[in-house]
Amino acid sequence: MSLHSVSVAGVVVREDGRVLVIKRADNGAWEAPGGVLELDERPEEGACREVLEETGIKVETERLTGVYKNMKRGVIALVFRCRPVGGEERTSDESVDVRWFTREEVEGHMVEAYAVRVLDALGAGAPQVRAHDGRRLLSYGAPAT
């Protein structure tokens with residue numbers, strides 16, 4: 001039997017189109033803020049909690065924008081588009097930097113598997129379902145290496 005864990009992330013979009021990102025303390029990667037969903041919380045609540053904990057920004061969720069599975073680690077991430085409603089940017093134990101990226105900065109500084117979460121959230125379409133290996137998206141039928 002294999003076990004999966006569920007994580008949540010918030011893609012926080014300002015009115016000017018910039019997106020809130022963190023530089024993770026554990027691996028130095030730029031990502032949307034997020035983390036493991038607690039057993040007793042709704043996914044939307046978890047996304048709001050994680051964004052606040054990691055960035056100091058209070059948010060409200062707008063919609064689910066994607067479901068992403070890391071095939072190597074067995075982590076399923078639910079990603080929500082959010083809007084900021086208060087707070088001030090600050091780092092945390094999990095983030096060494098907090099910034100508002102443009103779409104171009106997302107594409108230039110984030111690995112594909114995490115940039116696509118932000119890009120999907122910036123789109124207006126239905127939620128996406130994608131698989132990745134921690135760095136790159138996997139096409140359907142492609143095994144995780």
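**View 1. The largest nonpolar core of this predicted model contains 19 residues.** Within this core, the residues that touch the most other members are Val11, Val19, Val21, Val106, Met110 and Val118. Two or more residues of the core are given by each of the elements S1, S2, S6 and H3, and it is H3 that supplies the largest share, with six residues. As a general background to such a view, nonpolar side chains in soluble globular proteins tend to be buried together.

**View 2. Trp30 and Phe101 form the one aromatic pair that a search of the whole structure finds.** An arrangement of this kind is described by the distance of the ring centres and the angle of the planes. The ring centres of Trp30 and Phe101 lie 4.9 Å apart and their planes meet at 45 degrees, so the pair is classed as tilted, given that planes under 30 degrees apart count as stacked and those over 60 as edge-to-face.

**View 3. Cys48 and Cys82 are shown with their sulfur atoms 5.4 Å apart.** For Cys48 the nearest cysteine sulfur is that of Cys82, and for Cys82 it is in turn that of Cys48.

**View 4. The largest pocket holds about 590 Å³ of space.** Of the 31 residues that line this pocket, Arg24, Glu31, Arg73, Val75 and Tyr114 are the closest to its centre. The elements that give two or more residues to the lining are strands S1 (5-12), S2 (19-24), S4 (34-36), S5 (57-70) and S6 (75-87), together with helices H1 (43-55) and H3 (112-122). Strand S1 provides the largest share of the lining, namely four residues.

**View 5. The lining of the largest pocket is shown by residue class, with twelve nonpolar, eight polar and eleven charged residues.** Among the residues closest to the pocket centre are Arg24, Glu31 and Arg73, which count as charged, whereas Val75 and Tyr114, also among the closest, count as nonpolar.

Methods: Residues numbered from 1 in each chain as written. Predicted model: local features only at pLDDT ≥ 70, side-chain atom pairs only at ≥ 80, totals over all residues. Heavy atoms only, no water. Disulfide = S-S within 2.5 Å. Phe/Tyr/Trp six-rings, centres within 6.5 Å; stacked < 30°, edge-to-face > 60°. 1 Å grid on protein atoms, 1.4 Å probe; cavity = no way out; pocket = protein on both sides within 12 Å on 5 of 7 lines; lining within 4 Å. Points joined across faces, edges and corners; volume = space filled by probe spheres on them. Core = buried A, V, L, I, M, F, W, Y, C linked by side-chain atoms within 4.5 Å. Buried < 20%, exposed > 50% of the residue type's maximum accessible area, 1.4 Å probe, protein only.
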